[in-house]
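Subject: The two-chain model, handed over

Hi,

Here's the structure I promised to pass on.

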Amino acid sequence: MHATVQLAYIVATVLFIFALHWMNTPATARKAVFAGVAGMTIAIAVTWAQPGVVHHGWIVLAIIAGFAVGIPLSLVPLTAVPQRTALSHAFGGLAAGLVGTAKYYLWLSEAPENLTAFRMVAIILEILLGYLTFTGSLMAAGKLQEVKWIPQRPVTYPLQNVSNLALFVIALALGLALTLHPTAAWAPMVFPVVIALALAFGVLLIIPIGGADMPTVIAILNAYAGLAAVAMGFVLDNKLLITAGALDGSSGLILAIIMCKAMNRSFANVLFGAFGQVAKAQASGEQKVYKSETVEGAAQVLEQANLVVIVPGYGMAVAQAQHKVRELYDQLKKRGITVKFAIHPVAGRMPGHMNVLLAEANIPYTDLVEMDEINSDMPQCDVALVVGANDVVNPAARTDKTSPIYGMPIIAADKARTVFAIKRSKSPGFAGIDNELYFSDRTWMLFGDAKNVIGELVKQLAGGSTH
Amino acid sequence: MPQRLTPWLAAFLWLGSAAVAAAQDAPTTPGHAAGANDFWSLLFVFILASFIGLGVIRRVSRLLHTPLMSITNAISAIAVVGSIIVTGSDYPTTIRIMGAIALFASMTNIVSGFLITDRMLKMFKTDDKRGDGGKS
């Protein structure tokens with residue numbers, strides 16, 4: 001049996017690696033899901049068939065409950081994918097934390113000789129990472145879902161970082177004490193304290209984080225959830241858990257690094273910087289004047305263009321405007337105009353958010369272009385249409401050393417011959433920073449809800465083509 | 001860049017010190033309790049798997065970062081394996097309840113993770129194939 005189990009685990013590992021390998025292009029990506037499901041099914045079946053597993057009722061119940069909750073969660077609208085992802089990190093963290101807790105108390109009462117120093121370190125790591133990912137991800141999901149009693153804006157208070165750090169150090173110190181004396185009389189009482197501290201730390205870590213930083217934070221939580229699974233593998237002496245967890249952890253790490261680079265910030269700065277606060281102070285500058293344009297005028301300019309670049313941002317997701325954007329895309333394409341989408345890595349609320357929304361609207365992925373590739377084409381671009389994006393097109397990132405986004409790579413919308421920016425109101429963007437692009441000579445504003453404005457543009461273009 | 005690696009380095013160092021502690025702790029007679037040898041082979045697996053992960057994931061198309069996150073999430077719900085053992089073994093009831101909740105949480109991630117990944121990937125089409133699924 002032992003050999004069968006190990007062999008099956010190796011097969012599952014290989015299938016998981018292939019799954020991730022096939023994600024490197026959309027053409028093979030659906031095979032990835034198949035490989036993943038196959039690997040998972042093998043792993044579950046073999047584990048369940050082990051002779052040590054004697055009670056089946058609860059397993060069946062838990063699996064049925066998992067399907068009952070999992071299926072609806074997979075059917076959420078794509079604009080809600082960031083919060084679904086955060087929620088699933090929370091579930092992953094919870095599972096790791098609970099298994100670690102269960103194993104500790106089991107060994108403590110039945111086989112204390114198993115609580116070696118190494119196992120204890122793994123258990124402590126597992127519960128710290130697991131529980132802090134659990135509450136941290138729940139907070140992130142709440143912020144993304146805009147749950148009422150969770151503040152959207154970053155919450156900061158004096159000595160925030162110091163007190164958070166102190167909390168974490170206490171948790172680590174208690175963890176160390178438990179590692180050295182896992183079976184001491186006080187140990188079963190201290191263990192829940194470590195859990196409580198980890199739960200509290202997760203909440204406190206996410207409270208100061210604003211919406212614009214969510215892509216990075218989700219990626220970091222992803223890495224933590226993976227590492228928690230790795231720690232569980234160390235606890236249970238299970239190599240499959242370690243490999244699968246390491247794959248997830250490295251994925252989270254890479255995404256987080258990409259997000260950080262795209263904002264020119266460090267991990268530490270995202271987690272401890274409270275971006276929104278700095279920015280708020282900047283917002284009250286001198287009053288500048290916008291030039292606004294009518295939909296009719298914008299439609300005429302669009303009709304004359306050869307190359308139109310659409311820059312989508314979170315505002316497009318909020319307004320659910322992606323389907324209208326597709327209609328506009330079709331109208332322009334019909335006239336032989338080249339239309340490209342410029343995708344900034346941190347546009348939206350999670351890595352790749354804009355790509356999924358535009359793919360949902362049936363826009364071919366070959367027209368979704370990364371920032372680095374599109375920027376060299378921007379001087380040839382006749383019209384840049386900014387739909388609900390703000391900070392990612394703000395030229396202050398290049399020029400203004402005092403700006404909180406200084407140094408962040410941006411989409412060079414300001415290099416286009418004409419810029420139309422659709423904006424719901426005259427207030428500054430999520431980071432609270434005034435956008436110089438809107439005051440440029442070449443920029444005209446289209447005020448209104450993104451969905452309505454683009455709908456009007458489509459009507460104008462469709463009407464124009466009939467005569 | 002080194003700053004970004006700090007949390008990983010910290011975790012690594014902690015594991016390293018654990019190794020030393022475990023080595024001192026290990027029984028000199030061969031027993032079935034986990035000793036230093038297990039630790040080293042597990043650490044080996046972890047490091048190698050991390051490098052494979054970094055290598056494979058660096059090449060994932062940026063278009064697919066959202067589905068990548070949901071599929072890795074489903075894969076890391078492999079915690080289901082540990083949960084099944086804890087739930088199904090002949091352990092005290094409280095322990096098994098914790099296992100069952102963990103099993104439920106992992107199963108939810110597996111089901112929703114793979115389903116939503118597939119749902120998203122179905123939407124990625126090239127120009128010549130996009131005639132069918134459009135909504136308008």
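This is a predicted model: local features need pLDDT of at least 70, side-chain atom pairs count only at pLDDT 80 or more; totals for chains, interfaces and linings use all residues.

Where in chain A is the place of Glu146(A)? You'll find Glu146(A) in the loop between α5 (117-145) and α6 (160-180).

Most residues other than glycine have a negative phi. Glu146(A) isn't a glycine, yet its phi is positive, near 60°. Is Glu146(A) buried or exposed? It has 10 C-beta neighbours inside 10 Å, and 12 or fewer counts as exposed, so Glu146(A) is exposed.

Gln320(A) does something along these lines too: its phi is positive, about 55°, although it is not a glycine. Look for Gln320(A) in the loop between α13 (314-318) and α14 (322-334) of chain A. With 15 other C-beta atoms within 10 Å, Gln320(A) comes out as partly exposed.

Now go to helix α1 of chain A, residues 2-22, and find Trp22(A) in it. Trp22(A) has 21 C-beta neighbours inside 10 Å; the cut-off for buried is 20 or more, so Trp22(A) counts as buried. What is Trp22(A) in contact with, once you leave aside its neighbours within four places in sequence? The partners are Thr28(A), Ala29(A), Lys31(A), Ala32(A) and Ala35(A). Take Ala32(A): it is ten residues from Trp22(A) in sequence, and their C-alpha atoms are 5.3 Å apart in space.

That leads on to the helix pair. α1(A) and α2(A) pack with their axes 8 Å apart, at an angle of about 165°. Angles over 145 degrees count as roughly antiparallel, which is why α1(A) is roughly antiparallel to α2(A). The crossing of these two helices is left-handed. On the α1(A) side, the residues that meet α2(A) include Leu15(A), Phe16(A), Phe18(A) and Trp22(A), and among their counterparts in α2(A) are Ala32(A), Ala35(A), Gly39(A) and Ile42(A). Sorted by class, the residues of this contact are 17 nonpolar, three polar and one charged.

Among the contacts in chain B with a separation of 6 or more, 51% come from residues 24 or more positions apart.

The contact between the chains takes 107 residues from chain A and 95 residues from chain B. Helix α9 of chain A (residues 239-263) gives the most to the chain A side, with 17 residues. By class, the chain A side has 64 nonpolar, 33 polar and ten charged residues.

Two helix pairs across this contact are worth a look:

- α2 (residues 29-48) of chain A and α3 (residues 65-76) of chain B have axes 11 Å apart and an angle of about 10°. That makes α2(A) roughly parallel to α3(B). Ala29(A), Ala32(A), Val33(A) and Gly36(A) make the contact from one side, and Pro67(B), Ile71(B), Ala74(B) and Ile75(B) from the other. The residues here are seven nonpolar, one polar and no charged.
- α3 (residues 57-73) of chain A and α4 (residues 80-88) of chain B pack at about 140°, with axes 8 Å apart. α3(A) is therefore oblique to α4(B), and passes it in a right-handed crossing. Trp58(A), Ile59(A) and Ala62(A) meet Ile84(B), Thr87(B) and Gly88(B), which gives four nonpolar, two polar and no charged residues.

Cheers

Technical notes:
Residues are numbered from 1 along each chain as its sequence is written. Chains are lettered from A and ligands numbered from 1 in the order in which they are written. Two residues are in contact if their C-beta atoms, placed from the backbone, lie within 7 Å. Helices (H or I, at least four residues) and strands (E, at least two) are DSSP runs, numbered from the N terminus. Ala, Val, Leu, Ile, Met, Phe, Trp, Tyr, Cys and Pro count as nonpolar, Asp, Glu, Lys and Arg as charged, and the others, Gly among them, as polar. Axes are lines fitted to C-alpha atoms, for helices over the stretch in contact, and angles run from 0 to 180 degrees between N-to-C directions. Angles under 35 degrees count as roughly parallel, over 145 as roughly antiparallel, 65 to 115 as roughly perpendicular and the rest as oblique. A crossing is left-handed if the near helix is turned anticlockwise from the far one by less than a right angle, and right-handed if clockwise.
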